Structures are given as C-alpha cells and as structure tokens.
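Welcome! Here is a short briefing for anyone meeting this structure for the first time. Take a look at it, then read on.

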Amino acid sequence: MISRYKVSLKNLRIWNGVDETIDHGVDAVTIENGCLTFVGSSEDLDTTATDSVVKDMSGLSMIPGLIDAHIHLCLDPHIKDPLEQDKLTRGELLQGMTDRARAMLEAGITSARDLGGGQWLELEVRESINRGEMIGPRLICSGQPITSVKGHCHFWGGEAADGAEALKVLARQLEHKVDLIKVMATGGNITHGSRPVDAQFDEETLSTIVNTAHKHGLRVAAHCHGTSGIRNAAAAGVTTIEHCSWVGDEGWGKAFDPEVVARIVKQGIWVSPTINSGWKRFAGNSNFADLLHGNYDRMREGGVKFIASTDAGIPNVLHHHLPLAIPVFAHFAGLTATEALRAATSDCAEAIGLGEVTGQIREGYSADFVLYDGDPTSDLDLLAAPVQVYKQGESALAV
Ligand SMILES: [Zn+2]
C-alpha cells in the first residue's frame with residue numbers, strides 16, 4: 001500500500017546507503033505518495049503546503065531499509081526436514097508465510113529476494129503485499145530452482161536432466177511470472193543424497209540457462225558450494241553466486257581458487273555468502289574460523305563484491321534475523337560497518353535489480369527506511385532494535 005499523505009521528518013542523522021560517512025548537512029526528508037521527494041537540510045524544507053506535516057526526529061538515525069538477498073519464505077525454520085514441510089496444508093503454509101513476512105518488515109527488512117519454493121506461494125504473497133492486503137517486504141521471487149535429477153531441492157519440482165529440460169523448467173517459472181531464475185549449480189546440505197561438493201550442471205548448460213533468462217530480462221542466482229560449480233557459474237556469467245563455500249574433496253572451505261575469484265570479479269558477479277547470525281558459533285572453532293576469514297579476506301582483496309543474505313528458512317535461520325546477521329557477516333567477511341550496511345542496502349538493491357527503486361535515501365526513491373536510537377554506522381548491534389520502520393512511506397511499527 002502506498003501512502004498518499006505528505007510528511008516531512010527533520011533533525012535526523014541520515015546515512016544515505018552509499019557514502020562512507022553521514023553528511024550532517026542533510027537531516028530532513030519529505031515523503032509523498034510513498035516516495036522520497038526531498039532529501040536535504042531542515043532549513044530548506046518546504047512547509048508551506050497546507051497538508052504538510054513536519055515531525056521532529058531529534059536523536060534518531062535513518063538508514064535505508066534492509067534487504068536480504070536470499071530467503072525462502074515458504075520454509076518454516078523450526079522444521080528440520082524439508083520433506084516434513086510438504087505435509088503442511090496450503091492454508092498452514094500461507095499463514096506461516098504471512099507471519100514471517102510481517103516479522104521481517106517489523107525488523108527493518110523492507111525488501112527481500114526469495115530464492116525458491118515448490119508451489120509459487122511466495123509469488124502469491126508478493127502480489128498480496130503489492131496490493132496492500134498483507135504486510136511485508138517487497139519481494140523478488142525465483143519460484144522453483146532448476147536442479148538436476150534427484151539434485152539439491154529436487155522436491156520443489158525443478159528437476160532437469162539436461163539443457164533442454166532445464167529450459168522447460170525455466171519456461172514454467174516464466175509462466176508463473178517470476179522475477180529471476182535460480183539454479184542449483186552444486187549439491188546442498190538439506191537434500192538427502194546430494195553432496196555440496198558436486199557440480200550439478202556443466203558450464204554449457206548453465207550458459208544456456210543464463211542466456212535464456214537474459215533474453216527474458218531476468219537475472220540468475222546460482223547456488224554454489226563446491227568449487228567446480230562456482231567455476232562453472234562464474235564462467236556462465238550468473239548475476240549472483242549464493243554461498244560460495246569453496247568446498248572441495250578435502251572439505252568445507254578448503255578448495256579456494258584465486259583464478260575463479262578473478263573470473264567472478266571480471267564478470268561483475270556478486271557473491272551472496274548467506275552468513276546468518278548462527279555463524280557466531282564458528283568463532284569458537286579457531287581452525288574453521290581462520291579458514292573462513294582467510295577465504296573471505298582473499299575474496300575481498302581480490303575485488304569481490306558482497307551482498308548481505310541469510311538463507312532464512314533453512315533450519316534455525318529465522319526470517320527476521322538479518323539485522324542480527326549483519327554484524328556477524330561484517331566480522332567474517334572483514335567489512336567495516338558502513339561496507340556491511342552498503343551490502344545490505346544500496347549494493348544489495350543493485351545486485352537484485354532494485355537499484356533504481358530502493359536501497360538509498362535519495363530523492364525519487366521509495367520511502368523505505370529504518371530509524372534507530374543511535375548511529376548504526378558506528379554500532380551494527382543497534383540494528384537489532386529499530387525504533388521505526390517505513391516501507392513506501394508507510395510506518396510498519398505501532399508508534
Ligand atoms: Zn537457499
């Protein structure tokens with residue numbers, strides 16, 4: 001729902017989603033019809049219109065609404081076995097998705113990219129939210145991921161034995177009006193019989209998928225744990241590499257390949273590492289923590305662009321926990337607070353195709369923002385406690 005009123009907020013600290021620091025000369029915004037129509041100094045606010053309301057926000061900081069680049073709205077994170085999820089009725093599934101969408105928005109997540117389910121229910125939720133019938137983030141949805149026969153998440157219905165079958169799965173997603181295509185380039189953890197290290201498609205098949213998606217104006221997200229799958233996805237020119245875990249025969253994170261990193265950077269591919277707040281547990285295992293730090297350091301130093309993501313919906317990863325994940329993401333990926341926030345706002349928006357719409361506090365952009373008591377650009381832990389959340393100019397929290 002897009003709010004029609006005109007309201008101005010003043011005396012804010014505003015981080016615009018891009019700059020390294022806060023510009024203290026910019027402390028006011030005006031919202032009209034769900035958009036930011038003024039971003040500047042309180043002194044320059046136009047308060048002459050008779051319907052104009054000005055609110056004093058002294059003491060609060062504003063940042064763009066957060067974006068999670070990888071969620072599964074259909075998955076209940078409290079159910080461990082994905083096959084058990086299928087036993088839920090359509091009504092139970094939709095109720096769970098409704099509750100999770102609301103919790104996400106209330107936590108400050110104003111947009112999210114859904115990377116897969118089996119029944120396109122998240123697309124129904126996307127439409128309900130867009131029509132203002134349901135409260136939740138703006139959703140970008142992939143529908144059924146393309147996977148190999150008995151491959152990762154095959155139970156969602158996207159199995160393909162070869163390139164021709166992959167295009168049939170892709171066409172089915174187009175019929176359901178998806179926003180992007182998801183492909184499982186390697187096996188994964190939650191599927192019995194699937195191994196994260198194994199590539200599921202060769203470079204040629206992935207290229208066919210990418211080229212066809214592009215013809216329809218769609219981007220491609222590739223699930224990649226093993227290095228051979230990362231290599232294929234990078235060569236095929238997918239838009240985002242999910243997880244990027246560098247799994248090899250020696251184990252998790254042990255097959256880092258600088259040549260593949262160079263390819264990722266050359267192709268302008270974003271890496272979405274799905275670091276959730278539960279990764280804090282790895283800090284206690286110094287060998288594994290060092291391995292992760294080393295891989296992220298080398299990716300970052302090689303020029304890889306990261307976006308924030310959690311894989312919410314997998315066991316114990318809650319949909320509204322991106323704000324808790326961002327400090328952990330900053331820690332492992334070696335990012336400053338501002339870099340991590342950029343990865344969760346303007347950069348994330350650009351990577352998922354919303355770069356002209358949201359992710360920045362900027363005139364003409366959707367009025368999607370979060371207010372905090374204190375400055376999250378110097379303390380990421382503040383993200384856990386939003387004072388107010390606005391999506392398209394509409395406040396999501398009771399004042
Ligand atoms: Zn996922």
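Two residues are in contact if their C-beta atoms, placed from the backbone, lie within 7 Å. This is a predicted model, in which local features need pLDDT of at least 70, side-chain atom pairs count only at pLDDT 80 or more, and totals for chains, interfaces and linings use all residues. Residues are numbered from 1 along each chain as its sequence is written. Helices (H or I, at least four residues) and strands (E, at least two) are DSSP runs, numbered from the N terminus.

- Glu-203, Leu-206, Ser-207 and Val-210 in α5 meet Asn-232, Ala-233, Ala-235 and Ala-236 in α6.
- By class, the residues of this contact are 5 nonpolar, 2 polar and 1 charged (Ala, Val, Leu, Ile, Met, Phe, Trp, Tyr, Cys and Pro count as nonpolar, Asp, Glu, Lys and Arg as charged, and the others, Gly among them, as polar).
- Helix α5 (residues 203–215) packs against helix α6 (residues 227–236) at an angle of about 40 degrees, and their axes are 8 Å apart (axes are lines fitted to C-alpha atoms, for helices over the stretch in contact, and angles run from 0 to 180 degrees between N-to-C directions).
- α5 and α6 are therefore oblique to each other (angles under 35 degrees count as roughly parallel, over 145 as roughly antiparallel, 65 to 115 as roughly perpendicular and the rest as oblique).

**The parallel sheet**

- An open sheet with parallel pairing is formed by 5 strands in the order β10-β11-β12-β13-β14 (two strands pair if DSSP finds at least two bridges between them).
- β10 (180–184) and β14 (305–306) stand at the edges with a single partner strand each, so one side of each has no neighbour in the sheet.
- Strand β12 (residues 240–247) pairs with strand β13 (residues 270–272) in the parallel sense over 3 bridges, and Val-271 in β13 is the bridge partner of Ile-241.
- Helix α6 lies across β11 (219–226) and β12, running at about 160 degrees to β11.

**The mixed sheet**

- Another open sheet has 5 strands in the order β2-β6-β15-β16-β17, with mixed pairing.
- Its edge strands, β2 (13–14) and β17 (394–395), each pair on one side only.
- Strands β15 (residues 369–373) and β16 (residues 388–391) pair in the antiparallel sense over 3 bridges, and Leu-371 stands opposite Gln-388 in β16.

**Two domains**

- The domain assignment gives domain 1 (6–64 + 361–395) and domain 2 (66–352), with bounds that come from an automatic or database assignment.
- In total, 17 residues of domain 1 are in contact with 19 residues of domain 2.
- On the side of domain 1 that touches domain 2, β6 (60–64) and β16 each supply at least two residues.
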